[in-house]
Amino acid sequence: MLSDPGVCPSLAKDGAPRCALRSFCRKIPVSALLLAGVGMLIAFLGTLGCLVPAPGLSMSMAEGDTLISVDYEIFGKVQGVFFRKYTQAEGKKLGLVGWVQNTDQGTVQGQLQGPASKVRHMQEWLETKGSPKSHIDRASFHNEKVIVKLDYTDFQIVK
């Protein structure tokens with residue numbers, strides 16, 4: 001335990017710095033050192049891919065802030081079970097924009113746009129959850145790309 005929690009731990013009892021950066025390390029608050037150390041650790045672990053995001057949070061600020069667009073098609077029992085309505089509601093809840101529609105082949109297709117972390121969350125929802133009465137066999141995602149701005153202002157059901 002440090003004798004004075006507000007003082008840099010590299011200072012000797014007489015207040016003289018013990019570190020090589022004598023001019024830099026005078027009386028740096030420990031909280032500043034800890035905060036800087038935690039920030040560097042998070043950045044380092046992020047570059048190694050060691051961080052696992054909490055649900056709804058991005059892997060990194062860079063990915064979370066990046067806008068992406070991805071097209072999708074969902075196969076299974078996805079028509080006549082309010083799949084489009086639930087997809088629209090989930091997309092809006094996540095703050096995404098885009099569209100969803102039934103196809104003549106009995107699938108549902110559409111496009112998602114928004115922050116990468118939110119799009120990833122929606123992709124998982126489309127693959128695993130869907131509407132309560134749906135049965136998803138598989139989901140296909142394609143044409144993923146980084147975008148500069150959103151092409152839509154809302155999440156629409158296309159008839």
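**Close-up views of the predicted model**

View 1. Five strands form an open sheet in the order β4-β1-β3-β2-β5, and their pairing is mixed. The edges of the sheet are β4 (135-146) and β5 (155-157), each of which pairs on one side only. From one strand to the next, the twist averages 20°. All views show a predicted model.

**View 2. Pairing of β1 with β4.** Strand β1 (residues 67-77) pairs with β4 in the antiparallel sense, over nine bridges. Phe 75 stands opposite Arg 138 in β4. In general, the strands of a sheet pair through backbone hydrogen bonds, in either a parallel or an antiparallel manner.

**View 3. Helices lying across the sheet.** Helix α3 lies across β1, β2, β3, β4 and β5, and runs at about 170° to β5. Helix α4 (residues 116-128) lies across β1, β3 and β4, and its direction is at about 155° to β3.

**View 4. The annotated active-site residues.** An unreviewed UniProt entry carries the annotation "active site" for Arg 84 and Asn 102. These residues are spread over 19 residues of sequence but cluster in space, with a largest C-alpha distance of 7.7 Å. Arg 84 belongs to helix α3 (residues 83-93), whereas Asn 102 is placed in strand β2 (residues 97-102). The two residues also touch each other, as Asn 102 is listed among the contacts of Arg 84.

**View 5. Surroundings of Arg 84.** Arg 84 has a relative accessible area of 22% and is therefore partly exposed, since the buried class ends under 20%. Residues up to four places away in sequence being set aside, Arg 84 touches Val 100, Gln 101, Asn 102, Val 108, Ile 157, Val 158 and Lys 159.

**View 6. Surroundings of Asn 102.** Asn 102 counts as partly exposed, at 29% relative accessibility. Beyond residues up to four places away in sequence, Asn 102 touches Val 78, Gln 79, Arg 84, Thr 107 and Val 108.

View 7. Thr 107 is found in the loop between β2 and β3 (108-115). With a relative accessibility of 5%, Thr 107 counts as buried, because that class covers values under 20%. The side chain of Thr 107 makes a polar contact with the side chain of Glu 73 at 2.6 Å. Neighbours within four places in sequence aside, the residues in contact with Thr 107 include Ile 74, Phe 75, Val 78, Gln 79, Gln 101 and Asn 102.

Methods
Residues numbered from 1 in each chain as written. Predicted model: local features only at pLDDT ≥ 70, side-chain atom pairs only at ≥ 80, totals over all residues. Heavy atoms only, no water. UniProt positions renumbered as here; feature names shortened; annotations may be inferred. Helix = DSSP H or I, 4+ residues; strand = E, 2+ residues; numbered from the N terminus. Buried < 20%, exposed > 50% of the residue type's maximum accessible area, 1.4 Å probe, protein only. Contact = heavy atoms within 4.5 Å. Polar contact = N/O pair within 3.5 Å; in protein donor to acceptor, adjacent residues only side chain to side chain. Pairing = 2+ DSSP bridges. Axes fitted to C-alpha atoms, helices over the stretch in contact; angles between N-to-C directions.
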